[in-house]
Amino acid sequence: MAGLPYNVTMTLGYQPGTGIPEWLNKGDNAWQMVSATLVGLQSVPGLVILYGSIVKKKWAVNSAFMALYAFAAVWLCWVIWGYQMSFGQKLVPFWGKAGHSLNQGLLLSQAGLPATTHYFHNSDVVESVEITPSYPMASMVYFQCVFAAITLILLAGSLLGRMNFKAWMLFVPLWLTFSYTIGAFSIWGGGFLFHWGVIDYSGGYVIHLSSGVAGFTAAYWVGPRLTKDRERFPPNNVLLMLTGAGILWMGWAGFNGGDPYSANVDSSIAVLNTNICAATSLLVWTCLDVIFFKKPSVIGAVQGMITGLVCITPGAGLVQGWAAILMGMISGSIPWFTMMVVHKRSRLLQQVDDTLAVFHTHAVAGFLGGATTGLFAHPDLCPMFLPVTNSRGAFYGNGMQLVKQVVGALFIISWNVVVTSLVCLVVRLVVPLRMPDDELAIGDDAVHGEEAYALWGDGEKYDSTKHGWYSDIDTQHNKAPSGVTQNV
């Protein structure tokens with residue numbers, strides 16, 4: 001080592017045979033950590049920006065903070081008990097044993113999924129081979145954590161503009177523990193749906209279907225926004241909304257590209273299909289807006305982008321490019337129809353105030369993605385990722401795969417309806433789920449004592465006696481005009 005005293009030795013981590021295990025592939029490890037960071041950036045700042053700008057101005061701070069809080073809260077829950085419940089040793093066929101993921105013995109060992117070996121019925125032959133990526137468990141815990149975090153943040157999109165923040169603080173760890181971990185273990189972590197062969201490449205069911213259904217269910221229990229907010233809820237900054245949407249789209253390269261658990265050829269296919277489907281869906285949605293409403297909507301384009309990203313997620317690395325285009329056409333049209341037509345004719349959909357239409361963009365699109373994966377999953381691509389042998393879609397001779405996909409979706413839907421309802425009822429015993437009307441009328445300043453935009457004279461009135469500006473907030477708080485911005 002040039003420039004160092006002769007008696008200085010290399011740090012242990014760089015000494016041959018000590019700090020670099022034989023199973024470590026630096027390229028795979030680097031890509032896995034980059035992928036995890038891309039998914040993290042989808043949440044912070046991606047969805048923080050998107051939520052803070054797509055809502056009415058008075059809810060910008062609250063909406064962004066709900067996303068930021070969820071991201072932080074999930075981190076602690078995940079390493080203390082969440083990861084082991086999702087990917088650890090089996091407790092029951094749909095749930096793992098709780099335990100922490102903080103010990104260096106675990107974190108420095110080679111990653112492996114699932115933790116529980118599963119054998120064929122009445123046999124000692126292993127049915128689902130363990131996946132052993134060439135990097136440490138610490139990278140896997142990191143990667144899976146950001147997926148759990150974004151699920152809660154997506155769910156929050158249904159509740160913006162009225163949920164009590166203190167109730168949200170309780171809701172996040174409870175829902176993560178009793179809902180997310182169930183879906184993750186059942187489909188990804190070695191649960192009964194995993195071994196049965198339900199396909200969910202990167203979270204169409206575990207993340208999107210569950211967040212859409214749970215968000216809609218929680219919105220029912222929380223209650224609606226104020227009537228005037230439901231009638232008019234314009235974005236406070238469309239350009240920032242597009243910025244957040246762009247981060248979300250580009251971050252999906254890590255979302256789907258990281259799920260082969262390796263920087264391999266299947267990862268490349270997953271990233272390519274992701275962009276193909278998202279672009280197709282956005283264009284289809286925009287064309288439908290032009291045909292039926294005579295104007296291309298920017299918000300509509302973002303919704304179409306999201307439905308495309310969600311739809312391809314269950315099969316990103318398992319379908320061919322032509323199938324990704326078909327999935328984009330489906331995700332750009334059917335969720336558009338459910339949102340623009342079915343929603344207006346359904347009493348239940350109109351009654352429940354799903355602020356950002358998460359049910360349509362994530363639950364509907366996630367189900368469509370899972371179902372179409374059951375149709376289009378290619379027999380040459382499935383073995384590159386799936387441990388269950390002979391996996392293939394119905395178009396390639398396995399009609400049972402579509403049945404499995406539907407059953408898997410029904411399990412996720414039913415579990416989330418029941419558990420989300422129970423979580424809301426428990427939280428309601430401690431703190432109200434909905435803000436009081438006086439806070440709803442004011443927004444961020446009443447809830448957090450902060451506002452998103454501190455523009456001189458913006459939304460304020462001039463008091464000639466005080467020679468200064470004051471806002472309606474002052475009078476609603478029964479204060480004398482504060483004159484915070486003095487007129488010089």
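Tutor: Helices here are DSSP runs of H or I with at least four residues, strands are runs of E with at least two, and both are numbered from the N terminus. The model is predicted, so local features need pLDDT of at least 70 and side-chain atom pairs count only at pLDDT 80 or more, while totals for chains, interfaces and linings use all residues. Residues are numbered from 1 along each chain as its sequence is written, and side-chain values use heavy atoms, with hydrogens and water left out.

Student: In which helix does Pro45 lie?

Tutor: Most peptide bonds are trans. The bond from Val44 to Pro45 is cis, with omega near 15°. Pro45 itself belongs to residues 26-54, which form helix α1.

Student: Does Tyr261 count as buried or exposed?

Tutor: Tyr261, in the loop between α9 (238-257) and α10 (265-293), has a positive phi of about 60° although it is not a glycine. A residue is buried under 20% relative accessible area, exposed over 50% and partly exposed in between, using a 1.4 Å probe and protein chains only. Because its relative accessibility is 7%, Tyr261 counts as buried.

Student: At what angle do helix α12 and helix α14 pack?

Tutor: Axes are lines fitted to C-alpha atoms, for helices over the stretch in contact, and angles run from 0 to 180 degrees between N-to-C directions. The axes of α12 (residues 321-345) and α14 (residues 358-376) are 9 Å apart, and the angle is about 145°.

Student: Which residues of α14 make the contact with α12?

Tutor: Contact means heavy atoms within 4.5 Å. On the α12 side the residues include Trp322, Leu326 and Met339. Those of α14 are His360, Thr361, Val364, Ala365, Leu368, Gly369, Thr372, Thr373 and Phe376.
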